[in-house]
Amino acid sequence: YNEYKSYLRMRAKQCLRLAIRGVAIFVPASVLLGVLSGCTLSQYGSLLYTFGVPGLLLTFCVSFLLNYLRITYTAHALHKNYPGPPRESFISGNYYEMRRAQTKNQLFDLLSDWCLQHGDTILFWRFGSPKFFTCDPEIIKSMLTEINIFKKADSIPNRTLFGQRITGTNSFLTVTDGQRWAQKRKTMSVYFTKSHMTTMFDKMKDNIERGIKKLSSEVNQEPVDVVEFYGELFQYFLGALGFDLDNEYVSSNSKFHNDVIQKILKWAPQQFVPWHEYLKLKMNPEVGETIESIAKLRNIAFHILKEKEKEIREQGFDADDIVHHVIKANKTDQINDTKMDDMMTIFLVIDNMAKTLATFFVRIVRYPEVYKKIVDEISNVDTTTLTATDKSLPYTEMALLECLRLHPTLMRGIRVTKKMMKLNNGLTIRANTLIFFGQLILHKHHKYWDRPDEFLPERFAQGSSNITPFTYLPFVAGPRVCMGKHLAMVSMKLAIVETLKRFKLAPVPGQEKEMEWDNRFTIVKPIKGNNLIFTPI
C-alpha cells in the first residue's frame, strides 16, 4: 500500500511540476501580451481579481496544457530522425494503436511488423514519452550484461494489485538496487546450482510422483485443462523445496494456491489502463476476491516463515530448504514485507514451469511423430540420478527447448538507460529512457532462425552451438539470468516422465488442429487446445 501511494505521489509531483512550469511561462507571457496590447498592470490585476479562483484554475489548466504541448513538441523534434512507426496522433502517439492490438492478442504481431518495416530498433510513443523496442542481439546483449549502462525498471507498480502488495519491488527477482540484489542473489543462487539439484533429485522425483498420483485420482474421461492441472502440480511441488511443514501445509492446499496465482496473473496486468477503465476494474467483484486471496496467501507465507525461523533456531540451517535461504538472504530477525515478497515470488515463478508444461503437451499431442519419439524415449528412461535422467531424455529436452522458443513463458523484458548510449545506426538513447526487448519476436525472427514458425525439436540437436548469441532467451541471460533454470528443466522432465508413464494424452475430438496462446500479458499461456483427454495406461 505504501509503495502504491509513493507511486501515485510521484506521478502527482510530475503533473504539478509540469503545471508550475506552464504557469511560469504562460502567466508572464500573458501579462506581457496584455501590456503590449495596451492593458495596464492594474487593469490586468483587476481582471484577474474579477475572475477569482475559477480564473486561477483556468490559468493553471491552460498552463498545464500548453506546457504539455510544448514538451511533447520538443520531444518529437528531438527524435524526428529515429526509425519507427508514424504517430497515430500528436497527443497519444502510438498508445491506442498498441492498446487495440493488445486487446486482440496481436501486440507482438504489431511490434514485429514495425521492426520489419523500420529496422531492428524502433522508437514508438506512449503519449508524449518516447519508448524504444529492439530485437537487435548486440543491443540486447548490452541491456542484459552492462549493468553500468542499464538497470531494471523500478517506476511501474506492477508488483501490486490495486494497492494490495503481491511481490513488492524488493524481492530477490524484482529488487533494482545493485548492491542489495547482488547480496540476495549470492545467498539464493547456491540453492539452484546443478550440483545442489543433484543432491535434491530424489526428493524432487518423489514429490512429483506423489503430486501426479494425487491429481490422477481426479482425472476421468472428461477433458483436463492442462494449465490448471500442471499449475496445481507445481504448487504441490513446492513441498519438495521446503514450503511444507510437518502436516504438508502447502501441498495439501495446492488447489487454493493455484487459484490465487491464476487470478493474480489474470488481473495484475490489466490495472495499467486509462482511469475510466481502471475504475471499472476496481469495482469488479472478482478483483475484490483476488485481493482478499492475495492477503490470505501472504498470511500463509508469514506462517511458514514463522515456523521456519523457529526451525532454524532449534535445528540449524538446512541447505535443502529454500525457505531457509530466503530467511538467510534477508538480514533481519523480523518477518517483514520483504521476506514475504520473496515467498510470494516463489509461489509465482514456480507457475512458469506449469505454463511451459501446458504448452509442451498442447504441442506434442498434435505432432504424432514427436509424441511417439518422446513416449519411446520415456519407456527406456533411467531416473535413478539426475545425470542418468538427462542422458536418457535428449529428444524430450529438445522438444522442451523448442516449446520455450515458440512460446517463451516470459515474452518481453524492460531496462532503463542509466546514461546516454549510442545505437548501431549512430543515433543515441537518452538517460532514463525505457527500452524493451521481446523474446516472442526474437525467437521467431527470420534473420536468426530457419523456418521459425514451425515446431522442429531437431533444431536443438546440437544444443546452442548453432544459435546466434542473445537470440534465444527463455531464461534471459547475463548477471540476472534465471537462477532456477536447472530446477525448472529437471522438474519439468520428471513431470513429463511421470505423466506419460501413467496416461496416453490426446486432443479433444474435433480440436485436433486447435492451438492458440494468450500473448497479451507478461506470462504466455495456451488458451485453445489446452483441454486434453488423459487416458490411463
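Modeller: Start with strand β2, residues 129–134. It is mostly covered: five of its six residues are buried. Buried means under 20% relative accessible area, exposed means over 50%, and partly exposed lies in between (1.4 Å probe, protein chains only). Strands here are DSSP runs of type E with at least two residues, and helices are H or I runs of at least four, both numbered from the N terminus.

A word on the source: this is a predicted model, with residues numbered from 1 along each chain as its sequence is written. Local features need pLDDT of at least 70, side-chain atom pairs count only at pLDDT 80 or more, totals for chains, interfaces and linings use all residues, and side-chain values use heavy atoms, without hydrogens and water.

Back to β2. Strand β1 (residues 121–126) runs antiparallel to β2, joined by six bridges. Two strands count as paired if DSSP finds at least two bridges between them. Tryptophan 125 has proline 130 of β2 as its bridge partner. The two strands form a hairpin, with two residues between them. Phenylalanine 127 sits in that turn, and its phi is positive, about 55°. β2 also pairs with strand β10 (residues 434–438), this time parallel, through three bridges. There, phenylalanine 133 meets phenylalanine 436 of β10 as bridge partner. Strands of a sheet pair through backbone hydrogen bonds, in either sense.

Another sheet is open and has three strands, in the order β6-β14-β11, with antiparallel pairing. Its edge strands are β6 (224–225) and β11 (503–507), each pairing on one side only. Five bridges hold β11 to β14 (residues 531–536) in the antiparallel sense. Proline 507 has leucine 532 in β14 as its bridge partner.

Now the charges. The structure holds 24 salt bridges. The criterion is a side-chain nitrogen of Lys or Arg within 4 Å of a carboxyl oxygen of Asp or Glu. Take aspartate 342 and lysine 184: their closest N and O atoms are 2.9 Å apart. Aspartate 342 lies in helix α13 (residues 337–364) and lysine 184 in helix α6 (residues 178–189), so the pair ties together parts 158 residues apart in sequence. Aspartate 342 is buried, at 0% relative accessibility. Lysine 184 is buried too, also at 0%.

Lysine 339 and glutamate 309 form another salt bridge, at 2.5 Å from N to O. Lysine 339 is in helix α13 and glutamate 309 in helix α11, 30 residues apart. Both are buried.

Helix α11 (residues 285–315) also holds glutamate 311 and lysine 308, three residues apart and so separated by about one helical turn. Their salt bridge has its closest N and O atoms 3.7 Å apart. Glutamate 311 is partly exposed at 22%, while lysine 308 is buried at 3%. Salt bridges also link Arg165, Arg298, Asp337 and Asp341 in a network.

Last, the surface. Tyr73, Phe90 and Ile91 make a nonpolar patch of about 300 Å². Patch residues have over 30% relative accessible area and no salt bridge; like charges are joined within 9 Å, and nonpolar side chains (Val, Leu, Ile, Met, Phe, Trp, Tyr) within 5 Å. Isoleucine 91 sits in the loop between α2 (41–78) and α3 (95–103). At 37% relative accessibility, isoleucine 91 counts as partly exposed.

How values were computed:
Areas by Shrake-Rupley, 256 points an atom, 1.4 Å probe, with all protein chains shown as cover.
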